[in-house]
Amino acid sequence: MTTHSSARPHVDARWHDGGDEPRADLNSGAPALAIRDLVVEFPSPDGGLRAVDGVSYAVEPGRTLAVVGETGAGKSVTALAALGLLPAGRVISGSVEVDGVDLLALSESERRRLLGRLVAMVFQDPSAALNPVITVGAQLVEAIAMHQRGWTRARLRARAIELLGLVGVPQADLRARQYPHQFSGGMAQRVVIAMAIANRPRVLIADEPTNSVDVTIQAQLLELLRQAQVETGAATVLITHDLGVVAEFADRMVVMYAGRIVEEGSVRDIFARPSHPYTRALLASLPRLDAPVALLEAIPGTPPDMRALPPGCAFAARCRQTAGRAICTSERPALLAVEAAAADASAGHDSACHFRNEQPRPREPVTVAAPTPEPGPPLLSVRNLVKHFALGAGWLRAGVTVRAVDGISFDVRRGETLGLVGESGCGKSTTGNLIMRLLAPSAGTISFDGVDISRLRGREARALCRSMQMVFQDPYSSLNPLLSAGRNVVEPLRVQRIGSDAQRRDRAAALFDEVGLRPEHLDRWPDQFSGGQRQRIGIARALALDPAMVILDEPVSSLDVSVQAQVLNLLRRLQASHGHAYVFISHDLSVVRHLCDRIAVMYLGRIVETGPRDAIFTRARHPYTRALLSAVPRPDPAAAHAQQRTVLRGELPSLVSPPRGCRFASRCPQVRPACADTDPLLVEETDEHGRGHGHAHACLFPVPTTTAA
């Protein structure tokens, strides 16, 4: 189904069954939420750590305010403090008014009675927001009953089922009787949204509601939040680091850095003419579908230590605009109005920069030539690879098989990067684990440098690690917390019995320098590093044995956009200097376009389209590939609102019993009767001379090239 990104959803009267309370006047101009001069501190051995320092913002009914910034900027702390949900922090001063009621002036019991009715929150992690031992329906009933005390049990249950249907949960009556672990991440987030809007709150706070979800699920959730906002009239605060989502979804935005607001204004004005150097740096660090493939403008350094903020501007040490200006390091800039550069500029564009009206020259893109893939046989050759998992044991589950990877083939040459993309559950990570021999294949072959490695065991499998390494998605759990950073990096050398202790330490120091870490970091523990630094340690460990190939499984999905840019630039530089081959697994197509030479799109255990990067991004033929591309948020408000988007409905079909014909047919926007019976083969396209160029697709009715993305 195709929807326009800026279209208003259809009005459904069921959204309004939240009691008989009058709603706020959407045209009154009075803010539904007003945070004024909020100051929050956390206890620390050195005294109070000021995490939020004088933050003020407001949002009107029916409008969306986005709050953006790096991890640690104070975005979530501000929201949690406003709701009285901080576990350890203390509000020093300020007020938080919702429809004129100051939440901070209420007792805990009074505030609890209002939360859910006046203001509700959608948390980032639905698994932590839902009780695992209570059914989904019972949790919804509890949330409604807390504020609708006169309702009968039957009415409460009917409303819970109705809400599940409204947020797009299929078979709502059945799913209401299930537990959270029986829901996918996207469906669990729908339940959390249903719970948040159950009593039609005046204010809805969404804290990273689409973080680490697939672009297709993200598109569904954003459409759902937009519909909930339109039909309930709620003011929405969207906390996110995804500037593409901000461009598409928000009206105004606040940029936070080191606990303070550094820029505020309409989304249109800030994207068109960012005033603060930090905002400009965030926008420049984004990998984009509509920009040249080049090194990203990563923000140097890291945010300051909140326990010892420097005098003057907190961003000065990382700012390219400072250029030795003494005022930047001695005087804290106030949040003041920016001079309008255009007649149609909106009022209320403020920036906390001494040189807020100064526009620096745009920088020329810096390209890095990737090594040309070497001719001859491929380094990695995968043929008809299959991995089936038998579920559990016992007669109740006998014969139940999950077809995680179901017959895929591809090659990777030396110095080349292959991107594996697709939704969660399509088999990408399983494929990476099979290549690394962390899993044994059910069928098929994996040849590395001419040797079939699919059946290696023991010493032979261990020897393979010298030539092939992996960088995992989660930098927190992939490092041994009982070993120092340096010991983590040289562990592969110790296992392979390479070098003396002194030689290994020298190798670790050289690797730290190569990935942008300092020698003094060698003896620190993993918990003393930021997420981006931990991922650099993981990359250094993967390079310790100088492998020919590195498998990268979602290595930047959990990182801030600024840190993501640093890691992506690092990977490109390392490949250019060492000639590594990469298999890059990701659901972020903007990142994939930036880093990869060729793309393989996976769906339900199969490759449905593959080809050179430019062919996939400009001439996609498979409807699934086009849906993925259309779902990528554009960090450009004008383009985002004009975009025609294909929103895929529902979830992936079961891997236990995949559809008989085309596996994508149940979600395809252009399905035809033949798709239900015929399983399409992956066929390479040829030109008028019968020559193929490596672009293949598995679709009976491919999209014509004249209308491809």
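**Entry 1: two helices side by side**

I began with H17 and H18, which are roughly parallel to each other, a label that goes to angles under 35 degrees, while over 145 is roughly antiparallel, 65 to 115 roughly perpendicular and the rest oblique. I was looking at a predicted model, where local features need pLDDT of at least 70, side-chain atom pairs count only at pLDDT 80 or more, and totals for chains, interfaces and linings use all residues. Residues are numbered from 1 along each chain as its sequence is written, and side-chain values use heavy atoms, leaving out hydrogens and water.

Helix H17 covers residues 531-543 and helix H18 covers residues 561-578. The names come from DSSP runs numbered from the N terminus, with helices (H or I) of at least four residues and strands (E) of at least two. I found that the two axes come within 10 Å and cross at roughly 15 degrees; axes are lines fitted to C-alpha atoms, for helices over the stretch in contact, and angles run from 0 to 180 degrees between N-to-C directions.

Which residues of H17 meet H18? They are Gly532, Arg536, Ile539 and Leu543, and their partners in H18 are Val563, Gln566, Val567, Leu570, Leu571 and Leu574. Contact here means heavy atoms within 4.5 Å.

**Entry 2: a second pair**

Next I looked up helix H7 (residues 185-197) and helix H8 (residues 215-232), which pack at about 10 degrees with axes 11 Å apart. That angle makes H7 roughly parallel to H8. H7 brings Gly186, Gln189, Arg190, Ile193 and Ile197 to the contact, and H8 brings residues including Ile217, Gln220 and Leu221.

**Entry 3: a covered helix**

How many of the eight residues of helix H11 are buried? I noted seven, so the helix (residues 277-284) is mostly covered, where buried means under 20% relative accessible area, exposed over 50% and partly exposed in between, with a 1.4 Å probe and protein chains only. Among the buried ones are Tyr278, Arg280 and Leu283.

**Entry 4: Thr431**

I then turned to Thr431, which sits in helix H13 (residues 428-435). Is Thr431 buried or exposed? With 0% relative accessibility, Thr431 counts as buried. Its side chain reaches the backbone oxygen of Gly427 at 2.8 Å. Setting aside neighbours within four places in sequence, Thr431 is in contact with Val405, Ile408, Phe410, Leu420 and Met602.

**Entry 5: Arg63**

Arg63 is in the loop between strand E3 (47-59) and strand E4 (64-68). I noted Arg63 as partly exposed, at 42% relative accessible area. Arg63 and Arg252 lie 189 residues apart in sequence, yet 8.3 Å apart in space, C-alpha to C-alpha. Not counting residues up to four places away in sequence, Arg63 touches Gln229, Ala234, Ala235, Thr236 and Asp251.

**Entry 6: two positive phi values**

Most residues other than glycine have a negative phi, and I looked for exceptions. Ala258, in the loop between E10 and E11, has a positive phi of about 55 degrees. Arg497, in the loop between helix H15 (485-495) and helix H16 (501-514), has a positive phi near 55 degrees. Ala258 is buried at 7% relative accessible area, whereas Arg497 is exposed at 75%.

Key: A polar contact is a pair of N or O atoms within 3.5 Å; within protein, one must be able to donate a hydrogen and the other to accept it, and residues adjacent in sequence count only if both atoms are side-chain atoms.
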